Amino acid sequence: MVDDTVGRIVSVRVANPGAIAEAAAARGRRTALTGASGRLFLIAADHPARGSLRAGADPMAMADRAELLRRVRTALSRPGVDGFLGTPDLVEDLLLTGALEGKIVIGSMNRGGLTGTVFEIDDRFTGYDAAAIAAAGLDGGKMLCRIDPGDPATAATLQSCAQAVSELAARGLMAMVEPFICHRADGRVRNNLSADAVVRSAAVAAALGTTSAYTWLKLPVVEDMARVAAATSLPILLLGGEATADDGAVAARWRIALKLPTVRGMVIGRALLYPPGGDVASVVDRTVGLL
């Protein structure tokens, strides 16, 4: 039987677009960010808004919206998955399907630094802002903060992220900051994943805004993760990248990192939504087991 989820969503968008706000207002919310384990585990799907549709070897894997929604809904249905991180279009699609009931929802804010463009570091806030996140009853906002010492556009991105942190905190909402020290190589932006670079990026991100009371950091798992985790007193969420728990070496690194006192959960996207073999439920379950 063909899943007509997208067809139903389009019909609502055409006939009754106000149903999106109604679904957001009616959505049951959690009272705490973390679950019974004291950890937070989120599924992320904000890559398409940057024009980044690749997953694994398929450069257009995330281009089929019905298939993407099916995979996200499968992941969100698994025990131990606390919620979702995404752009307004995906959050609203999921609201209309009821998939976000009782879940933590984080809105993706700056998606203007499109992948592969000359203006990639000039990361404009083209998605959610703090006011819209609060109005929609979401639990926080996420921003990418790439710091390229050779690109003057970095200054504007830092200033915008600082403002977003302050505006979210004023509303008592989580500000999830994902910082990287980066540079261009062969025309592409490359993240520096050395421990020293991640420590520096965490130090900068932690100080953004008028208060850090509601700031969480989203950081990659790198060599010497203990030193990275020791660089901040803010809660850390591990970034999954392309890895999955099916890789024994990756799972071992995650287990070690999750024992560190500042590490409080994980945010993983394409690696769980498009795993080798395609069994989303199983790979999500195995990853939840690490927590």
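**View A. Zero disulfides turn up in this structure, taking a disulfide as a pair of cysteine sulfur atoms within 2.5 Å.** Cysteine 161 is in no disulfide, and its nearest cysteine sulfur, from cysteine 145, sits 4.1 Å away. Cysteine 161 is buried at a relative accessible area of 0%, where buried means under 20%, exposed over 50% and partly exposed in between (1.4 Å probe, protein chains only). Cysteine 182 counts as buried too, at 2% relative accessibility.

This is a predicted model, so to speak of local features takes pLDDT of at least 70 and side-chain atom pairs count only at pLDDT 80 or more, while totals for chains, interfaces and linings use all residues. Residues are numbered from 1 along each chain as its sequence is written, and side-chain values use heavy atoms, with hydrogens and water left out.

**View B. Strand β3 (residues 104-108) is mostly covered, with five of its five residues buried.** Helices (H or I, at least four residues) and strands (E, at least two) are DSSP runs numbered from the N terminus. Ile104, Ile106 and Ser108 point one way, Val105 and Gly107 the other. In a regular strand, side chains alternate between the two faces of the sheet.

**View C. β3 pairs with β2 and with β4.** Pairing needs at least two DSSP bridges between two strands. β2 (residues 83-86) runs parallel to β3 over four bridges, and glycine 86 stands opposite glycine 107. β4 (residues 140-147) is also parallel to β3, over three bridges, with glycine 141 opposite glycine 107.
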